[in-house]
Amino acid sequence: MPEPTKKDEPNGQPEESVAPESSGAPPPPEISLEVSPPPEAVAEGKEPVETDGKKPESTELEPVQAVVAQEPCPAVNGSIQPQPGGVGVKEQAESANSTLKEEGTCFPPPPDDAKPAATTSSPTPQQEDASSTKKLSVELPNDSVPVPAMGRKDSVWSLGEGQTPDDLDKPVDNPPLSTLLIERPQSGAVTVGGDITFVAKVEAKDLLRKPTIKWFKGKWMDLASKTGKHLQLKETFDRLTKVHTFEMHIIKAKDNYAGNYRCEVNYKDKFDSCSFDLEVKEAETGSQNIDIRSAFKRSSEGQEDAGELDFSGLLKHRNQREHKQQDDTPEVDVWEILKNARPDQYEKIAFMYGITDLRGLLKRLKKIPKEEKKLEAFAKKLDPAYQVDKGGKIRLVVDLADPTIDLKWYKNGQEIRPSPNQRKYIFEHKGTQRIMVINNCTANDDAAYSVVAGDEKCSTELFVKELPVKIVKDLEPVKTTVNERIELECEVSEEGAQVKWLKNGVEVPTGVRSRYRVKCEGTKHFLVIDDASRDDTGTYSIMASGGTSEAHIQVDLKPLKVYQDLQDMTVLLGQPIKLHCEIYPGNVPGRWYRNGQLIQPSDRLNIIHRNKVHRLEIAASSLHDAGDYTFVPEGYSQSLSAKIHIIDPPRVHLDSLNFPDNTVTIVAGNKLRLEIPISGEPAPRVVWMKGERVILESGHRVHAETYSDHTSLTIEVTEREDTGNYKIVLQNEAGEATASVKIKVVDIPDPPEAPLVPVVGGDWCSMTWEPPKYDGGSPILGYYIERKKKQSSRWMRLNFDLIKETTFEPKKMIEGVPYEVRTFAVNAIGVSKPSEPSKAFTPLAVTSEPTMLVVDDVTDTTVTVKWRPPETIGAAGLDGYLVEYCIEGTNDWVISNNELTEKTRYTITGLNPGCKILVRVKAVNAAGASAPRSLQHAILVKEVVEPPKIRVPRHLKQTYTRKVGETVNLVVPFMGKPRPKVTWLKDGNPIEPSQVSIRNTDCDSIIFIRKAERSHSGKYDMTVQVENHVDTAILDIQIVDLPGPPQCVNIEDVWGGNVALVWTPPKDNGNAPITGYTIQKADKKTMEWFTCIEHYHRNCITITELVVGNEYFFRIFSENMCGLSETATQTKKSALIVKEGLQMKTQEYNDHDFKEAPKFTQPLINTFAVAGYNTTLNCSVRANPRPKVIWMKNKITIIDDPRYRMFSSQGVCTLEIRKPSPYDGGMYTCKAINELGEAQVDCKLEVKGGFTFYELMQRGVPLHLIDKYMTESKVVEQEK
């Protein structure tokens, strides 16, 4: 059965109940119809008035389904009594435009997913206009819900002023995700006993620690303390995605778990929350009874849910009860028992029926309003609803209990008054029945009706069923052309019927600005399109309540006649373009297109339309004007096309490159890409040429490329040979063009020639060189100079500012060190390679002048001068001296010695007696002669007599003492001129030349004894004589030797641990007084001598602290200034130290022979060393007597090499190699030798981390070792 529909009708009624009509069926459940003025207004019998004086806003209402109760609702004094399982329907009408319609005799319950909201306001009925809205509210009677809770969404459905049912049914959009929650928990539903999980995810990329999350039920209940068997909270973290996942698991859900939940996330100052709902559905599909005992029953103590009130038992299925019929009621109505019982019986009744929450029950019972029983005015009320066909008649009948009560009829809250001239409403009285007849029912009669008898009223709903409107004449298809008028006609079965026009299933807009017009003439309906277009083609249909009709409209373009078509054109660039065509009919406009784009007129483009002629004129053509042109007549299917081809002679645009003289300069080695703009239409063919050679596009290093607007020449790595003129040739169908470009490749200059060093000084030199043969294509800006020592590889820059000349004087060189110099040429591109080094040269300087030039001797024909060497000699050394003289008064210097003299004394011979001469001396070396040193005064050539005088040195004025075997060399200077005569005597006797050598000079006499003996001692007399003048001197020479041993040593007495010794002085004291004696003792067993006392001056001594039981021998050395005597005198007898009364017998024994040949107990081992770090080689040897240890490298003995240190201690032999280098590697041998034999061990030493040739040279390694090391290194590398 279709759903009842609701339409607008004026004069609404505040509240009414609806029930289906019954025709031959069992009587339906009775639903009271109640006009709902305020209760106080009803009690006082006043007319309800509007409290705020405003009309509620009108709202369009969707079709609403009424709910039919399963049990009758007894009315007491016109009000609805709350009954378990009953359903009351309450409606507030604010508009007369809303009515309820129904087909059939019953109302189906609404679907489960329809959960409309409700309000419980009670507006005052008054006269309202047709635009006001009717509010429908459906209440579920619920004994266990308090009065304030009746306004909840899950208990009442209301269409109030705030929002429409559509708004209430729309799902609430979740707010946008915050920066914390990236996935929010969603609302869900679960059956009783089932499990459900809610998931929340938080992204942790920007979080330093885990966020805090809390789960709440309702507003304040924190679920963290409720975890257990039915509730579990879980947290996980994914390290890959950096996401925290928080889960709330509800296990074996119960009815009271339903409700609103909330999830809150906190991190520092950030906060986010989300609310979601949980719906718990019953496992069984049948209807459920509301049992007051289960509602107010506490959970069993000790269980998981102990202490929680189960109020949700009354609320959890309220929405379902709005749409489901209550088939059963509780077996015992405890509410009725409590209402009829005395207060002192409440506790007993609660205990009887298992109600533990007595306090909550009493609170609810107190809130239930007490009802006063009233007398009923109606014996039979109106049915809940009536239905009648449109144009038919309906009778509304009530039966009064008291026929005398006044009766008033209302329609939508407005009283219906009879009028004598109107036959619409007819009122009849038959006994206690009151009848209202409504004739010719129309849609306006579809409304809520009520009847008031005294203080009671009853209401009903009248539904007027409209007959379907049928299509009498169908639409006809239309085929036409554009710009024509189209009219679709359709005829229906009823005048004024509402129809809907559709195009391709979409409603046709019929507004003021619409292209479509709709008109109606009686039962005929028309759709008119005045100016048809191709877009109007489609299927049009008309829809009425009783059927539809459709037809197809085809709109085509009109045929076109072309008198003159567009012609293809080829135009030079810049020339005008004129396109012309003629079509019929002439008044048809059109559009011009170029390459599919619409052309708009502008200053350079003109579009002309005159009658049949259509022209497109372009004043000056450009390349963009080329293309396909199309003229499309408006409204026609045919189009005209032509192709415009723009040609342009080729041109090379070198001016845009801004190259001076069309010359491109590039540095050698760089990449050159020369792009030259070109023009021409069509694109010209480009050829690059250098001389007669064509540059191809497929070249490797040099290649050309051509594009639409430019051509390019690319040289990957430029070289000097790339310098030259390059020719560009362009050709196309419009002509030919050529151009030339010069490419200049510049490079660093060639190195200059090797410099020459013509002049060398002490720390400087003068050098010259020639400019380089090739300057690199750029002028030479200057030169850099470098020098180095010949044996070094490190060059040093001498100038940081360029030198423009080709000469230079290097300074601050080290004298005597060979140097080499070289030059660099510099241009704007860079620095050339260095020139070849010059020939090695050594800076040398002359010495300073000799010093202290004096006259040493003068004779009648000679002059002797002497001098000291120069203070500064220099690296060139000193080759000798040059002596020159000249006669006073002249300037002619005569060289006295043709060959250089190395001595600092020289005698000028061949002089004339009595003349005066000037003398000067020069020092000469490889650099030349130094400045001369001259005598300040002239020398008179004349001999002078000087008496002799001996100058005895101070140390010879005393006795001159020397040891035997030492050398005696005494120099005794003297004075006298002319040369004195020297004679020597020893002890008054002449000296034999074989024993003592004497050498006399002009100024001293030397006595020399190569190996002194004691016989050379004595007094030596020296006599110096010049003519008659004599001088003498005496020298005392004493030659001393070691003394002899004492003559006799005797043991004078032995007592206790003491021995008394006596001896006589030595016979030979060594030509020097005896200064003391040294006494030694030796045990007879070991015969190892120990010194008892030294430097003892007497000839007798007592030796004490001798060991009892030992037998001692004694010996004595004599001592003088030369030392101890070579031998000592030993006692012939031994002294036995015995204890008094005891005498020990000494047993003879043979000494063990400990002698042994060398034997290595620990050999050498192969060792790896790191270059630059000290390393040691160790081994141990055993031998007696002590062996001689020899270390060898590669079979060559290591002797006096400062790089090696050798140690030997307690038989452990060590060789330390200081900071070894790779050439120190090799085979090392340790050899031990004594008189019994020899032994040797070998090992191999390998040094890692080698040195370069330069480093070895710096370390002073000989060249043959360096060569050997380098050869061995290469062999090792090849083996690896």
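**A hairpin and beyond**

Modeller: Let's start with Lys-519, which stands opposite Phe-526 in strand 30. This is a predicted model, so to speak of a local feature we need pLDDT of at least 70, and side-chain atom pairs count only at pLDDT 80 or more, while totals for chains, interfaces and linings use all residues. Residues are numbered from 1 along each chain as its sequence is written, and side-chain values use heavy atoms, with hydrogens and water left out.

Strand 29 (residues 516–521) and strand 30 (residues 524–529) run antiparallel and are joined by six bridges. Strands are DSSP runs of E with at least two residues, helices are runs of H or I with at least four, and both are numbered from the N terminus. Two strands pair if DSSP finds at least two bridges between them. Two residues lie between the strands of this hairpin, and Gly-522 takes a positive phi near 70° there.

Most residues other than glycine have a negative phi, and most peptide bonds are trans. With that in mind, look at some other loops. Lys-812 is not a glycine, yet its phi is positive, at about 60°. You will find Lys-812 in the loop between strand 54 (807–808) and strand 55 (819–827). Lys-812 is exposed, with a relative accessible area of 74%; buried means under 20%, exposed over 50%, and partly exposed in between, using a 1.4 Å probe and protein chains only. Asn-1194 has a positive phi too, near 55°, and lies in the loop between strand 86 and strand 87 (1196–1197). Its relative accessibility is 30%, which makes Asn-1194 partly exposed.

Two peptide bonds also deserve a look. The one from Glu-681 to Pro-682 is cis, with omega near 0°, and Pro-682 sits in the loop between strand 43 (672–681) and strand 44 (685–690). The bond from Asn-1184 to Pro-1185 is cis as well, with omega near 5°; Pro-1185 belongs to the loop between strand 85 (1175–1184) and strand 86 (1188–1193).

Five strands form an open sheet of mixed pairing, in the order 7-14-13-9-10. Strand 7 (188–191) and strand 10 (221–222) are at the edges with a single partner strand each, so one side of each has no neighbour in the sheet. Strand 7 pairs with strand 14 (residues 270–281) in the parallel sense over four bridges, and Thr-191 has Lys-281 in strand 14 as its bridge partner.

The largest nonpolar core has 26 residues, and Phe-198, Trp-215, Met-248, Ile-250, Tyr-261 and Leu-278 touch the most other members. Such a core is a set of buried Ala, Val, Leu, Ile, Met, Phe, Trp, Tyr and Cys residues joined through side-chain atoms within 4.5 Å. Strand 8 (196–203), strand 9 (212–217), strand 12 (243–250), strand 13 (259–267) and strand 14 each supply at least two residues of this core. Leaving aside neighbours within four places in sequence, Tyr-261 is in contact with residues including Phe-216, Met-248, Ile-250, Cys-274 and Leu-278, where contact means heavy atoms within 4.5 Å.

Finally, a helix. Gly-360, Leu-361, Arg-364 and Leu-365 are buried in helix 8 (residues 358–367). Down its axis, the buried residues of helix 8 fall within an arc of 135°, so they line one face; the arc is that of the directions from the helix axis to the C-beta atoms. Exposed Arg-359, Lys-363 and Lys-366 are on the face of helix 8 turned away from its buried side.
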